[in-house]
Amino acid sequence: MKNKFIKFLVTLFAWIAAVAAVCIVILISAWKHLASPVDSSVQKNDTIEITIPYGSTSYDAAEILYSNQLIKSRQFFYIAARFGFFSKDSEFSLQSGIFRLSKGMNLEEIFTVLQSPGQEEYISVSIPEGLTAVKIGHILEKNGVCPQKDFLEAVNSAELCREFSIPVALSPDEVKLYGTYGCLSNFKDMYNPDFRGYLLEGFLFPDTYFFTPGMSGENAVRKMVSNFFDKIQELNLSVEDFETLYKKLILASIVEKEYKVPSEAPVISSVFTNRLNKNIGFYSCATIEYIITQILGRDHPERIFNKDLELESAFNTYKWAGLTPSPISNPGLIALDAAVNPAETDYYFFVLTDVEKGTHTFSKTFDQHIAAENINYLSKKSRSN
């Protein structure tokens with residue numbers, strides 16, 4: 001009986017050993033297969049460029065690699081990363097950035113590359129003067145910098161405002177504290193009560209920037225606002241006198257949309273300044289375009305109609321005297337300088353009289369302004385005949 005039991009144990013262990021050996025062989029074969037190159041015929045210098053965004057997890061990396069056909073199994077990559085199979089140390093340390101990998105690389109080689117800092121490639125993006133935050137966000141998304149939604153959330157961030165010492169009036173108490181020119185002082189647009197604009201509209205300085213792919217909207221905004229404050233130092237504008245800064249910024253945002261020739265920017269600014277001092281409405285078509293495109297969300301109008309001048313909006317400078325509640329664009333240095341240093345004139349009116357050159361005729365009286373408009377009308381009529 002005892003001999004039979006021993007014989008049974010020996011047989012059992014033999015079977016277990018055989019099964020284990022088969023399992024080991026299978027595991028080794030699977031390991032070799034999954035860790036081998038996706039395509040061994042591909043040269044290792046024949047690479048594919050991939051981007052691992054900052055903050056990515058091993059699972060995120062596995063998805064990116066698998067979608068680019070650089071690994072055979074997402075699950076195996078994740079397990080290997082989770083248990084540090086190919087790591088330099090005991091744990092897998094995934095880096096972010098841009099990497100160049102080949103289908104001819106095995107998994108260990110891919111792990112080695114991904115644990116080294118990726119190359120930071122920069123995207124050069126030029127932001128023209130006079131765009132709104134919405135349009136800037138669209139450009140950044142189109143160029144692969146960051147999603148427009150993330151950018152606009154950052155443009156509306158009270159935390160970022162406070163980071164740059166910009167007062168934010170978000171409650172009735174804060175409105176009282178900061179006065180009319182707290183950054184976006186809880187105004188309600190009459191035509192669209194839901195419209196609140198963006199806190200950092202106007203502070204996004206137009207320039208050529210070098211962004212990193214997939215950067216956060218917050219960092220993109222931070223870069224542009226920092227540039228704004230660097231640029232205005234020469235204009236003697238400071239956030240410490242925020243009311244003056246914000247008034248000049250709003251004026252510059254309107255001047256930016258009106259001038260075509262740089263030399264005329266200070267003269268246009270003088271017209272608005274003279275009207276402001278006399279409590280006369282600006283009568284700026286740029287503010288009507290802002291209402292139509294940004295507040296009402298319509299396409300840019302080919303022309304402004306009389307009915308548009310009647311829009312019930314706090315931004316309608318045909319109906320209300322003074323500055324708009326907040327900037328209508330993000331102005332450049334020419335418009336900012338013109339707002340800070342307007343020309344000394346007696347002009348109260350201007351009209352575009354040379355479309356090709358972009359020059360205006362400036363007038364002191366309404367009669368002179370009407371005469372200039374009539375001359376412009378006759379000139380356009382003669383050119384069309």
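Rings of Phe, Tyr and Trp (its six-membered ring) count as a pair if their centres lie within 6.5 Å. These close-ups come from a predicted model.

**View 1. A ring cluster built from pairs.** Ring pairs join six residues here into a cluster: Phe-164, Phe-203, Phe-228, Phe-229, Phe-242 and Tyr-246. By the pairing rule, the count comes to 17 aromatic pairs.

**View 2. Phe-77 and Phe-111, a tilted pair.** The two rings sit 4.7 Å apart, centre to centre, with 40° between their planes. This pair ties together distant parts of the chain: Phe-77 belongs to helix 3 (residues 74-82) and Phe-111 to helix 4 (residues 107-114), 34 residues apart. Phe-77 counts as buried because its relative accessibility is 0%. Phe-111 is also at 0% relative accessibility, so Phe-111 counts as buried too.

**View 3. Phe-203 and Phe-228, an edge-to-face pair.** Here we get 5.1 Å centre to centre and 75° between the planes. Again the pair bridges distant parts of the chain, 25 residues apart: Phe-203 lies in the loop between helix 8 (172-178) and strand 4 (208-211), while Phe-228 is in helix 9 (residues 217-231). With 0% relative accessibility, Phe-203 counts as buried. Phe-228 comes out at 0% as well, so Phe-228 is buried. Both residues turn up in the cluster of View 1.

**View 4. Arg-275 over the rings of Tyr-283 and Phe-349.** The charged end of Arg-275 sits over the Tyr-283 ring, 5.5 Å from its centre. That charged end also sits over the ring of Phe-349, at 4.9 Å from the ring centre.

Conventions: Residues numbered from 1 in each chain as written. Predicted model: local features only at pLDDT ≥ 70, side-chain atom pairs only at ≥ 80, totals over all residues. Heavy atoms only, no water. Phe/Tyr/Trp six-rings, centres within 6.5 Å; stacked < 30°, edge-to-face > 60°. Helix = DSSP H or I, 4+ residues; strand = E, 2+ residues; numbered from the N terminus. Buried < 20%, exposed > 50% of the residue type's maximum accessible area, 1.4 Å probe, protein only. Lys NZ or Arg CZ within 6 Å of the ring centre and 35° of its normal.
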